[in-house]
Amino acid sequence: MKSKQKIVYFLFILSFLLAGCEKDYSSVSRWALLKTVDPKPIAIGDKENGADQQAVEEIKKETSETDGIYDVAVVKGAKDIIVAYKVEHMHRFKMKSIEKELKDKLKKNFPDEQFTVSSDFKIFLETVRLYDRIEHNQYSEKEANKRVKQIIALKKELT
Amino acid sequence: MANKKNKQKTPQQQQYEQLEKKFETKRPVLKNCIKAFFVGGLICTIGQVISYFYIYFFHFTEQTSGNPTSATVIFFSMLLTGFGIYDRLGQFAGAGSAVPVSGFGNSIISAAIEHRTEGFVLGVGGNIFKLAGSVILFGVFSAFVVALVKTIIMELGGL
Amino acid sequence: MLPMFFWAFVIGGIICVIGQLMFDVAKLTPAHTLSTLVVAGAILDGFGLYEPFADFAGAGATIPITSFGNALVHGAMQEAETHGLVGVLTGMFEVTSSGISAAIVFGFIGALLFKPKG
Amino acid sequence: MLKGKQSWLFPNHPVILSTGVSGGPFEANGYLAHDFDILHDDLWMGKDSYEQAHRLLLEEAAQTALQKSEVKPEDIQFFIAGDLINQITPTSFAARDLKIPYFGLFGACSTSMEGLALASFLINYQGATKILTGASSHNAAVEKQFRYPTEYGGQKPPTAQWTVTGAGVALVAANNNQPNLPYTTSATIGKVMDMGISDPFNMGGAMAPAAADTISAHFNDLGRDASYYDLIITGDLGKIGRETAIALLTNNGWDINPDKFKDCGLLLYKENQPVQSGGSGAGCSATVLYGHLLNEMKKGKYKKILLVATGALLSPLTVQQKETIPCIAHAVSIEINGG
């Protein structure tokens, strides 16, 4: 416990120093928490204007129209679709009911898809990071799908 | 309670109390509240920064980042207590530094430091919860009662 | 994110002001004040009010000691869902353990490293 | 000689042969720093615990008093002293090393005058020729016992007082017509008063009635009034207690000149030091009297003073059991024949 925490604090200080030199991510995910980034929805392994791509764009539109939600990131993996979004601050009190409402709505409109819906900043951040890497072709399709699974696992830890 | 006490007081004592009140320096309630507001708010904002730090750089979500955040705040509280700064901050800010979890840490750490002259087992071990003990006791007991009541209600509701 | 900081500051500050009023107006000792706040946190969570509040205020709700009561109830309820009434007892420290263990560990490290300055 | 109800007269005028005063870092920054014989710049004073540092303060003050008058410990009959710590261990442990027959006193912060009154009485009636008497307190040791750990960030209200780190010791001896030495002329032993104050952060308010009662008794017993003295000085009433005591005495029909009614706890520290209502503790009246006030008397500023040391006889236990605070005050008058 002790040594583990020590490492954490060491990293804590170190990462402050390194934060300036970090070149991994492009500016989109870097500012993901600070401002509205509005990333394009992505369907992994799908061509431009494919059926999947149209579906994710539809999902994004649907999600964005929900009351209190802004800045939506959608990534479609092999099986699952991650829908991460931000909630306007004054709506955060009823964040749980917004999530439920959105889930029900998506299930109704897209009965064939598997959704992972989250308003957690971490999930949003990771989704945008994934989007960045796919956009910059840093990930192969396989890697991207693996990453999708990791994010879903992270979300499951929450509950 | 206060009423019962007053009844026990002789008229002479009550008369004296009134006289003494005239000379008693009033607690600067408004000033204290403003100081508590700003210091307490600042500590919480720092906590928010730390939790975003954990979200951004480590595998913590908004929900799970609470744990490392309080641990970090308590760590800083240890440093401030050890260097003799926290007691001065406490005199300035009152509840502003006592109510956040750093104040909980301070109460444990200050008791531990204070009693090291009596040895680590009887001194530190025996006195470390001298101040925080009541918080833990009432926290745990009230949580037990609340959870018990809630569980029973839910099970009855399920019947 | 920026409103998050703002609300963390404001809500955290307000909880501290409540504590200060308990010090100065109700003339409670720090131990009484903090115990009362913890119990208040537990009761609020009992009514399911603490979580939305924490969603809204972030660290403004999780850093003040009230969250300790909330976390204890949370741990107990989580276990209660899987293990029934026994879980209330066993699950209590599931969520809060980090705060207490950090305080204990750092308290002891502090005792090893520091002397009271007076 | 008993005079009136509760006062002693000392017709043989026991003299205060020499004094020793030690203090801590906080006192070194105060107004009266130059009146201390020994000042430490660290609360630990090189010891392993605050309690040991507490003992060191008393030992040093005692040694200084002995050195100044070139008296050996063997020539002293009794050591009468006390402090605030449980079972007055710092004083008793210091007595162990001094090897002087010892009376341990507990009168909380009134210990200094309790000791001086008893020492004067014994010497006046040939019970002894030389007695060492004193009182001491150590801020951190007392805080640790009575309040919170010293590093705990609790907020002290403006009525709170700051415990003095310091010891004052006087060597009281039979009067052999030594020139220019202060001598004690009378003492009034107070009774325990409880006016129903239960706030341990408002000691001054709790102790003021005891001080007023003892001063009134002193005036009545000896047929004096406030004009007899150049200075009436209380031990550690602080701002609130001092004003309350003046009001109480005025209500009782005594004419008190506020300029001649001071408080040891208010003399020690500067305004910018965070002592809230003033200094307190057993060492407060002891260090101020045996240092500052006797120096001023020797310089001729005061001829007759009345020192009223006040004590709050509480313990952390009684506070938690919601008991009110019983208080006591003892007065000793000290005079000097001006050169």
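Good morning. In this predicted model, local features need pLDDT of at least 70, side-chain atom pairs count only at pLDDT 80 or more, and totals for chains, interfaces and linings use all residues. Residues are numbered from 1 along each chain as its sequence is written, chains are lettered from A and ligands numbered from 1 in the order in which they are written, and side-chain values use heavy atoms, with hydrogens and water left out.

Let us begin with chain B. Its secondary structure consists of nine helices and zero strands; here helices (H or I, at least four residues) and strands (E, at least two) are DSSP runs, numbered from the N terminus. Chain B is more spread out than a compact globule, because its radius of gyration is 22 Å, well over the 15 Å that the globule rule gives for 159 residues. That radius is taken over C-alpha atoms, and the globule rule is 2.2 Å times the number of residues to the power 0.38. The C-alpha atoms of chain B fill a box of roughly 65 × 55 × 40 Å along the principal axes.

How is chain B divided into domains? The assignment gives domain 1 (27-128) and domain 2 (133-159); such bounds come from an automatic or database domain assignment. Over C-alpha atoms, the centres of these two domains of chain B are separated by 27 Å.

Of the 159 residues in chain B, 52% are buried. Buried means under 20% relative accessible area, exposed over 50%, and partly exposed in between (1.4 Å probe, protein chains only).

Next, the chains together. Which chains share the most contacts? Of the five pairs of chains in contact, the answer is chains B and C, where contact means heavy atoms within 4.5 Å. By comparison, no contact joins chain A and chain D, and their closest C-alpha atoms lie 24 Å apart.

We now move to chain D, and to helix α5 (residues 139-146). Seven of the eight residues of this helix are buried, among them Asn139(D), Val142(D) and Lys144(D). What covers the buried residues of α5(D)? The cover includes α7 (101-114) of chain B, together with α2 (50-69), β7 (130-137), β8 (162-163) and α10 (316-320) of chain D.

Two further buried residues deserve attention. Ala187(D) is in strand β10 (residues 183-189), and Ala187(D) is buried with a relative accessible area of 0%. Ser7(D) is 180 residues away from Ala187(D) along the chain, yet their C-alpha atoms are separated by 5.5 Å. Leaving aside neighbours within four places in sequence, the contacts of Ala187(D) include Ser7(D), Trp8(D), Ala117(D) and Val332(D). Glu296(D), in helix α9 (residues 282-299), counts as buried at 11% relative accessibility. Apart from neighbours within four places in sequence, Glu296(D) is in contact with Lys301(D) and Tyr302(D).

Finally, I turn to the backbone. Most residues other than glycine have a negative phi. Gln126(D), although not a glycine, has a positive phi of about 60°. Gln126(D) lies in the loop between α4 (111-124) and β7 of chain D, and at 64% relative accessibility Gln126(D) counts as exposed. Lys322(D), also a residue other than glycine, has a positive phi near 65°. Lys322(D) lies in the loop between α10 and β15 (327-335). Is Lys322(D) buried or partly exposed? With a relative accessible area of 48%, Lys322(D) is partly exposed.

Thank you for your attention.
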